[in-house]
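Please read them with the coordinates open.

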Amino acid sequence: MTRYAFMLPGLLLPLALLACKKDEKTSETGRKLESTPAELRGTWQSGCMGTTTLNMASSQREYVFNAIGDFDRLERYYSDPNCQNLAATYKVVGTVEVKGPNPEKTDLNMINFTVNEAYMTVKSDATLEQLNAMKFCGRSDWHVNEDVHVTNAECEGSKVQKGGVQFDSFKIRDGQLFMGQKLMFLGKDDASERPAELDMRAPYIRK
């Protein structure tokens with residue numbers, strides 16, 4: 001026996017139909033998303049690595065993929081070389097689509113990240129002074145532990161656009177996730193620049 005949801009007279013619909021509508025998800029560009037492959041779902045974290053971004057000494061990266069096409073991408077910046085003294089974080093959230101083998105290199109898979117929001121958080125007084133002095137992302141009112149939305153803001157020559165698509169490649173090998181060679185902060189927003197090589201310096205381990 002089919003159960004029906006409460007609606008206006010003459011407009012009864014099966015509950016199963018309503019559930020399907022509710023579970024449908026689209027990207028910021030309006031494209032209907034498919035489920036994230038099971039092998040990619042979960043939290044993946046890199047080890048500590050050197051960086052020059054924001055004049056920092058080291059960084060650590062993290063991806064979170066859920067089953068219905070959402071992602072979080074986080075980079076933590078540290079003032080010391082051992083990822084101990086957290087100075088700032090940069091996070092992008094949005095939706096993700098796996099597109100199949102990369103035609104430039106068929107052993108890699110294509111993946112597209114559609115941006116919803118991007119924001120930075122200052123974690124130390126020294127970094128606070130630095131970002132305010134340089135008017136980073138056009139701001140001189142940064143505060144410690146305050147999430148600042150930088151979507152669509154010009155930040156040192158780069159801009160993360162709401163609804164923009166960042167194109168990448170990936171491969172899972174021996175339980176480790178490898179992403180394409182690129183600068184994490186910038187990403188690739190042109191399909192012709194999709195990485196055809198993996199960044200072997202930064203393997204991600206599932207947490």
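1. Basis. This is a predicted model, in which local features need pLDDT of at least 70 and side-chain atom pairs count only at pLDDT 80 or more, while totals for chains, interfaces and linings use all residues. Residues are numbered from 1 along each chain as its sequence is written, and side-chain values use heavy atoms, with hydrogens and water left out.

2. Overall make-up. The protein has 2 helices and 12 strands, taken as DSSP runs numbered from the N terminus (helices H or I, at least four residues; strands E, at least two). Their order from the N terminus is α-β-β-β-β-β-β-α-β-β-β-β-β-β. Of the 207 residues, 42% count as buried (buried is under 20% relative accessible area, exposed over 50%, partly exposed in between, with a 1.4 Å probe and protein chains only). Among contacts (heavy atoms within 4.5 Å) between residues at least 6 apart in sequence, 52% join residues at least 24 apart.

3. Disulfide Cys48–Cys83. The structure holds 2 disulfides, each a pair of cysteine sulfur atoms within 2.5 Å. In the pair Cys48 and Cys83 the sulfur atoms are 2.1 Å apart. This bond links distant parts of the chain, 35 residues apart: Cys48 is in the loop between strand 1 (42-46) and strand 2 (49-50), and Cys83 in the loop between strand 4 (70-78) and strand 5 (86-102). The torsion about its S-S bond is about 90 degrees, so the disulfide of Cys48 and Cys83 is right-handed. Cys48 is partly exposed, at 39% relative accessible area, whereas Cys83 is buried, at 13%.

4. Disulfide Cys137–Cys155. Here the S to S distance is 2.0 Å. Cys137 lies in the loop between helix 2 (125-134) and strand 7 (147-149) and Cys155 in strand 8 (residues 154-155), so the bond ties together parts 18 residues apart in sequence. The S-S torsion of Cys137 and Cys155 is about 120 degrees, so this disulfide is right-handed. Both Cys137 and Cys155 are buried.

5. Aromatic pairs. There are 6 aromatic pairs in the structure; rings of Phe, Tyr and Trp (its six-membered ring) pair if their centres lie within 6.5 Å, and planes under 30 degrees apart count as stacked, over 60 as edge-to-face and the rest as tilted. Tyr63 and Tyr204 make an edge-to-face pair, 5.3 Å centre to centre with 75 degrees between the planes. Tyr63 is in strand 3 (residues 58-65) and Tyr204 in strand 12 (residues 204-206), 141 residues apart. Both Tyr63 and Tyr204 are buried. Tyr63, Phe65, Phe71, Phe113 and Tyr204 form one aromatic cluster.

6. Charges over rings. The cut-offs are NZ of Lys or CZ of Arg within 6 Å of the ring centre and within 35 degrees of the ring normal. Arg73 lies over the face of Phe113, 6.0 Å from the ring centre. The charged end of Arg139 sits over the ring of Trp142 at 5.9 Å from its centre.

7. Nonpolar core. In the largest nonpolar core, of 33 residues, Phe65, Trp142 and Val150 touch the most other members. Such a core is a set of buried Ala, Val, Leu, Ile, Met, Phe, Trp, Tyr and Cys residues joined through side-chain atoms within 4.5 Å. Strand 6 gives the largest share of this core, 6 residues. Leaving aside neighbours within four places in sequence, Phe65 has contacts including Trp44, Phe71, Ile111, Phe113 and Leu177.
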